[in-house]
Amino acid sequence: MRTQSSATTATAIAVSAPREHRGLGTGLAALGVTAFSLTFPSTAWGLQSFGPWSLVALRSVLAALVAGGCLLVLRVPLPERRHLPGLAVVAAGVVLGFPLLTTLALQTSTTAHAAVVVGLLPLTTAVLSALRMGNRPSRRFWLAALAGAAAVLAFTVGQSGGALTAADGYLFGALLVCAAGYTEGGRLARIMPGWQVIGWALVLCLPLSVPAAALALAYEPVHLTWHGVTGLVWVALVSQFFGLVVWYRGMAAIGIPKASQLQLAQPLLTLVWSALLLGEHLTAAAPLTAVAVLVCIAVTQRS
């Protein structure tokens, strides 16, 4: 009888714990999305004071110093050698590739147009996750993901007039490298804490980011303004570190495909911030698109 009772209790705990983890994971992933939604407006602010190469390099260096300090104070052991290739993918995609390509794009593109990258990112992440980790979401999941991506894509392209520019090459490249970094980071976050995943990825980039920052600052003019410094601090400490910490933790808890679908709301949040912080025009189509996206998110979370 005691054995049966213990087994029943263990089963109850095993069933309830994942539900709690899913709720917490969804909240953490949503917090990461909120942090990321301010990345493009903050980058636009940062470009008021720094050149694109300086901004990206300084962003990486500042985030790496904070992450490295946390790793050092908490005496976190070095990652195992078998995890280094995965961390290299995270570093190449999330720390270097996506910030650099989107910053270059934002020199000539509005934040509304650049948001198309974020609109397509959930679907791309889900596809790469299925290929990399063998996930097989349901047909309803894929239909809802495609519908949500299509709604966001139609809205953002409509906002920019549907014209394709040279910046689009940067944006689509950023889309691919970021999805790869998210997928690999979500996989590693099941093995080690999410903050350590991005922390070590940032530290691994220091041999490149420090010389790059020195070289970029020597060639690109700097005009310090309140907006420029605030933008740099946000993209370095929040977008590059804190946001990715909670994002990877959320992905580890609820799964990469479901977490990625929460990002369908990110372009709409970005457009709101762009209107409030940058004075960009926001059309009446935004509420309709927001409703469509929220419905798609609800369907994917239940699939």
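Modeller: A salt bridge here is a side-chain nitrogen of Lys or Arg within 4 Å of a carboxyl oxygen of Asp or Glu. The model is predicted, so local features need pLDDT of at least 70 and side-chain atom pairs pLDDT 80 or more, while totals for chains, interfaces and linings use all residues. Residues are numbered from 1 along each chain as its sequence is written, and side-chain values use heavy atoms, without hydrogens and water.

Colleague: What makes Arg82 and Glu80 a salt bridge?

Modeller: Their side chains meet at 2.6 Å, N to O, and the cut-off is 4 Å, so the pair qualifies. By this rule the count comes to two salt bridges.

Colleague: Why is Arg82 called exposed, and Glu80 partly exposed?

Modeller: Exposed means over 50% relative accessible area, buried under 20%, and partly exposed in between (1.4 Å probe, protein chains only). Arg82 has 58% and is therefore exposed; Glu80 has 43% and therefore counts as partly exposed.

Colleague: Which side chain does Glu184 meet in a salt bridge?

Modeller: That of Arg187, at 2.7 Å, N to O. Glu184 and Arg187 are both buried. They lie three residues apart in helix H7 (residues 166-188), so about one helical turn separates them.

Colleague: Why are H2 and H9 called oblique to each other?

Modeller: The axes of H2 (residues 39-46) and H9 (residues 226-254) cross at roughly 140° and come within 7 Å. Angles under 35 degrees count as roughly parallel, over 145 as roughly antiparallel, 65 to 115 as roughly perpendicular and the rest as oblique. The pair is therefore oblique.

Definitions and conventions:
Axes fitted to C-alpha atoms, helices over the stretch in contact; angles between N-to-C directions. Helix = DSSP H or I, 4+ residues; strand = E, 2+ residues; numbered from the N terminus.
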